[in-house]
Amino acid sequence: QQQQQQQQQQQPPGPYDDADMYDSGSGYGRPPPEAPMNHGEYGGQPQQQQQQQQQSSQMYQQQMHQQQPPMGQGQGQALEPPDANAGGGGGAADGAMDLSQFDKDVIFRGLKRLYRKKILPLELSSKYGHFHSPPMGPSDFEAKPMVLLLGQYSVGKTSFIRYLLGRDFPGQRIGPEPTTDRFTAIMLSESDKIVPGAALCSQSDRPFRGLSPFGNNFLSRLEGVEMDSPILRNVTMVDTPGILSGQKQSIGRNYDYDAVMKWFAERSDLIVIMFDAHKLDISDELKRVIEIMKPHADKVRVVLNKADGVSTQHLMRVYGALMWNLGKVMMTPEVCRVYMGSFWASPLQNAEQASLLEREKMDLFRDIAELPQNAVMRRINELVKRARAVKVHAYIIHYLRKQLPYTWGKREKQRRLIDRLEREFVMCARRYELPRGDFPPIEPFRQALLEIKDLSEFPKLDKKMVKEMDKVFSVDIPELLEKARSH
């Protein structure tokens, strides 16, 4: 027995010995230094597995270089997604979620099922589409990441798209005057063709079916362009009409421009607001559009185009003036990311800041190239945000409905509730313990309420539906990710 005890003491501890010491000791669950660190349980990876990942990463980069032509002056841009294994194989230890381990098709199918069964019924019963955005379709989950371009006329939006595509696209018009008078969605296809707006909204495999309720006046200003380009294999580009100044925009457009921009902003993965280095003024219409983008501030990027047309000294002043103007409009303590560059096929006018503009251009292209990798988390994030908004909306309607009398005087009481809507929001949040940050803007909600004749006609809130929707955050989405990881 003494010999056996001595042999046991001389043996080195195994990776799973003294588990209770790892949990309750001072190491916060980490193994002692003498334990081997090449086990997946502790966040590391075996050396052989790291070599396999590096080899697969090199093969993937070679394939991307073969599929896409190298970057050149005005040629097709090789927007490569960043290497997921460049960090050295410690994915779990770094705290970042490795999306390559998940089956995206499983996640998208699960998100569609969760939305259809647990979120959509509450949307329909509370008429969420009348107050906010229409219901989502299956194509909204499966669509490629969308890049939306905004800006005043003649700031280079269409030229920027042409620069990324590497060639002209059907129906493009570039000039110093306001040329783009329609919304243009540029998508991948083997042949070049233009799809009218009404036909585009009728395609079930495209994420534009939700634009049909805006009417024929808008659909006549919408078109789809199908063409072949390397960047379109990963993203969809959307060009918008130039934002005019004065009353030209509100008088000349016979559709709800703000509602259309809100629809695109909710479904876009990246929003690029472009400015010209020679005209930094922000018109009233552009200010209103930027305010519409405030709920999606994490997706907004600002591009200072035609930066090679000014000297380095003037560029520094122009950059400061742009930041000052944006600070007055956005009214946030955070500074938005501003990229400088000159996105067209001609050579740079001032070569002294060529290295700076090249680095800025590569940062912007890297931001666009990362969109396909982040598409899964973006869809989950948007679904959670929508579910939280639907829950708050359902409770608001439920609270206002309960304030109405049973017999007479409903219309007068409803009018008083609408007039003091801000106070009712506070009371509703306090009663049902809802976060005030999830409540919608007051004025648009008030205008939508004025169109409702009788709030008592809304169906009674089913608390079971709310509980089922709450399970989406805590139970269903974690189970879906675990299922996709092991698929």
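Predicted model: local features only at pLDDT ≥ 70, side-chain atom pairs only at ≥ 80, totals over all residues.
Trainee: What is the overall make-up of the chain in helices and strands?

Mentor: The chain contains 20 helices and eight strands. Of its 487 residues, 45% count as buried. The chain exposes about 26200 Å², and carbon and sulfur atoms supply 49% of that area.

Trainee: Why is S154 called buried?

Mentor: The relative accessibility of S154 is 19%. Buried means under 20%, so S154 counts as buried. This residue is found in the loop between β1 (146-151) and α8 (157-165).

Trainee: Why is K127 called partly exposed?

Mentor: K127 has 41% relative accessibility. The partly exposed class lies between the buried limit of 20% and the exposed limit of 50%, and K127 therefore counts as partly exposed. Its place is in the loop between α5 (104-125) and α6 (128-131).

Trainee: What makes the phi of K127 and the phi of S154 worth a remark?

Mentor: Most residues other than glycine have a negative phi. Phi of K127 is near 55°, a positive value, and K127 is not a glycine. S154, also not a glycine, has a positive phi of about 60°.

Trainee: How do you know that the buried residues of α19 line one face of the helix?

Mentor: In α19 (442-450), the residues F445, R446, A448 and L449 are buried. Seen down the axis of α19, the buried residues fall within an arc of 165°, so they line one face of the helix. An α-helix has 3.6 residues a turn, so residues three or four places apart point the same way.

Trainee: Which helices do the buried residues of α19 pack against?

Mentor: They pack against α6, α16, α17 (410-419) and α18 (421-432). Packing here rests on contact, that is, heavy atoms within 4.5 Å.

Trainee: Which residues lie closest to the centre of the largest pocket, and how much space does that pocket hold?

Mentor: About 1600 Å³ of space lies in the largest pocket. Of the 50 residues that line it, H132, S133, K262, E266 and H296 are the closest to its centre.

Technical notes. Residues numbered from 1 in each chain as written. Heavy atoms only, no water. 1 Å grid on protein atoms, 1.4 Å probe; cavity = no way out; pocket = protein on both sides within 12 Å on 5 of 7 lines; lining within 4 Å. Points joined across faces, edges and corners; volume = space filled by probe spheres on them. Helix = DSSP H or I, 4+ residues; strand = E, 2+ residues; numbered from the N terminus. Buried < 20%, exposed > 50% of the residue type's maximum accessible area, 1.4 Å probe, protein only. Arc of directions from axis to C-beta. Areas by Shrake-Rupley, 256 points an atom, 1.4 Å probe, with all protein chains shown as cover.
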